[in-house]
Amino acid sequence: MAEPREVAQRLLLRRASAPRFHEGPQLRRRPRLAAGEPGDGAHELARRRRASVRPRRGVAPERRDVERVVGGRDEMERPAHERRLHDRPAPERARQGVAPERLQPRPERHVRRGHPLRLERGHALDRPGRTQACAAEEQLPEQERPVQLPERQDAHAAYAIRMAVRVRFAPSPTGMLHIGGVRTAVFNWLFARGEGGEFKLRIENTDTSREVAEAVEQIQESLRWLGLDWDGEHTFQLDRMDDCRDVATRLLEEGKAYEDDGAIRFRMPDTGTTAWDDVVRDRVEFPNEQLEDVVLVRSDGRPTYNFASPMEDVWDGITHVIRGDDHVSNTPKQINLIRAVGAEPPEYAHVPSVLGTDGKKLSKRHGAVSVEEFRADGYVPPALLNFLALLGWAPDGETTIMSPDELVARFSLERVQSSPAAFDFQKLDWMNGVYLRALPVDEYAHALVLHLGERGYDWDAELVRKAAPLVQEKIEKLSDFPAFAGFLFGDVSLDGHSLDSNVIAEAERALGAVEPFTAESIEQALRGLADRLGLKPREAFQPIRIAVTGSKVSPGLFESLELLGRERALERLSAARS
RNA sequence: GCCCCCAUCGACUAGCGGCCCAGGUCGCCACCCUUUCAAGGUGGUAGCGCGGGUUCGAAUCCCGCUGGGGGCACCA
């Protein structure tokens, strides 16, 4: 019978055994924003400059009046290229740069039946109606004519034809990579790879005070281990401080921002709404009057996240921002900022958070939460990846086991769930077991040796290798090995077990005579012994098992005995008698 | 407190108005296999949060409620 083990085996074999560590093709560098280089909109802006300082959102009770006065601007004509994009119906725009879904769902049972794992190219599946519900033209906030940014015009040109997708994963280096964050990274990576696009790694270290040394290396190590390769060098948000400040200065000059206590704040539009068609959440709208004037640059001169991040998205030519849904309320602010700077916002996809089994946000008390911990616990990358991908996404109602390649091939952003998902450790364990069992024995043995080495066990690698086949079917995590097969490497304790000393004595005698000392002949001898004593196999074997392994649960008795060797086996038996 | 979002078995999900007295997977239970434990096989358990609509027909559309989540920083 073709069983999941074989299934998973095929899945694994389709993939090179080593994770892809390469850094990907080097990107052609995009010219950076030539800051302080206002386009033809500058005059308009100057003309429309508003009172330079205004109270913060929600602070002044009389603010309504102020808004009335300030807010009543007339709508400007937009530049041609921009209109082109804006005037296209939203759903169509949402599809730009996204290849149609190319794959037919393939029921898993085909795999079970042992059919070759091949994804069929079929006609494009129609997209789910999500975005279609939002056909209404996006209501633009009233806004001044933006300053032109030449590089974004290039991007627009590409957009209009068919833009390759470019996404980014942007963790802040404040510690180990949280599994929820990694899931976001997984979605980004899956999407980018599936679309033949690029996946960039950006370190958002604007808040230097919280930066943790080592974290940057740690993050990269975790991603690499999981097999998430990024394109080009990773970048640091801090490196663009100067560019950000330049833009802020220009925004200041244009009256789009103002100073406030030494900081620079961006003036959000007062009326209208800011909206976008979120790939996972559909239409999202925010009344502009709710938007706070965000701080762009702190009084100490450092740009804030809400400023630096969208600017970098623009400079990097990010087409799709896929991030946690805790960012939704930042999005309208960032969209306004991006437009103020004359650029076109990317597509947004806000993925739901990951909860613990109790429905609360996943945290330490639920168990492992960082990639490092999962690694140390003996989970294997493709299993974790498979599991993470299925957290909030499913290709269909049937398929669960998918290799990294298959995940890439089948992933689609539109199918990610909009409600949060609970992290089920039991299911992860099961899935890890599936992948572990699917490994060719030698690879399995290798993984075991590596894992034990990492965990600080200095056990004989050769013996570990020999023990590997005995445990492969039986443990779900590599870290289960010591408890399960540790008796091969060290002394055992018989505390709490009372043994039938008669059986032990008989076994001692029988094993002393077995020749050769192999599983096969040991089995013969012990079965004969059971017969002689008139015992059922389990009745006879269990005391021996305990004497030899110190546990009621162990790998196969005969194989274990063989590996232990006659001498040590006899020692343990005689020790058990006294 | 204010704003926003979400809601199918215990968990992850399929479902896009009739194919659904709701399908798959994990878990759980039983049986089979069996030297223990697993693995594997077979069968089973369990769900559309509640209340109103719309419709010939609703898990699917609308409204309200309830429950859960997220956001409201010179954090990211």
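**Note on the predicted model: cores, strands and backbone features**

1. Of the 104 residues in the largest nonpolar core of this predicted model, Val-186, Leu-388, Phe-423, Phe-481 and Leu-526 touch the most other members. A nonpolar core is a set of buried Ala, Val, Leu, Ile, Met, Phe, Trp, Tyr and Cys residues joined through side-chain atoms within 4.5 Å. Buried means under 20% relative accessible area, exposed over 50%, and partly exposed in between, with a 1.4 Å probe and protein chains only. Helix H8 (residues 179–194) gives the most to this core, namely nine residues. Apart from this core lies another, of 29 residues, among them Leu-251, Val-284, Leu-291 and Ala-343.

2. On the conventions: this is a predicted model, in which local features need pLDDT of at least 70 and side-chain atom pairs count only at pLDDT 80 or more, while totals for chains, interfaces and linings use all residues. Residues are numbered from 1 along each chain as its sequence is written, chains are lettered from A and ligands numbered from 1 in the order in which they are written, and side-chain values use heavy atoms, with hydrogens and water left out.

3. Which residues is Val-186 in contact with, leaving aside its neighbours within four places in sequence? They are Leu-226, Leu-228, Leu-385, Leu-388 and Ala-389, where contact means heavy atoms within 4.5 Å.

4. Helices (H or I, at least four residues) and strands (E, at least two) are DSSP runs, numbered from the N terminus. Two strands pair if DSSP finds at least two bridges between them. Strand E5 pairs with E4 in the antiparallel sense over four bridges, and with strand E8 (residues 295–297), also antiparallel, over two bridges. Arg-265 in E5 is the bridge partner of Tyr-258, and Val-295 in E8 is the bridge partner of Arg-265.

5. In a regular strand the side chains alternate between the two faces of the sheet. In E5, Ala-263 and Arg-265 point one way and Ile-264 and Phe-266 the other way; all are buried.

6. E4 and E5 form a hairpin with two residues between them. Asp-261, in the loop between strand E4 (257–260) and strand E5 (263–266), has a positive phi of about 55 degrees although it is not a glycine. Is Asp-261 buried or exposed? Asp-261 is exposed, with a relative accessible area of 75%.

7. Asp-282 also has a positive phi, of about 70 degrees, without being a glycine. Asp-282 lies in strand E7 (residues 282–287) and is partly exposed, with a relative accessible area of 21%.

8. A cis peptide bond joins Glu-515 and Pro-516, with omega about -10 degrees. Pro-516 lies in the loop between helix H20 (501–513) and helix H21 (519–533).
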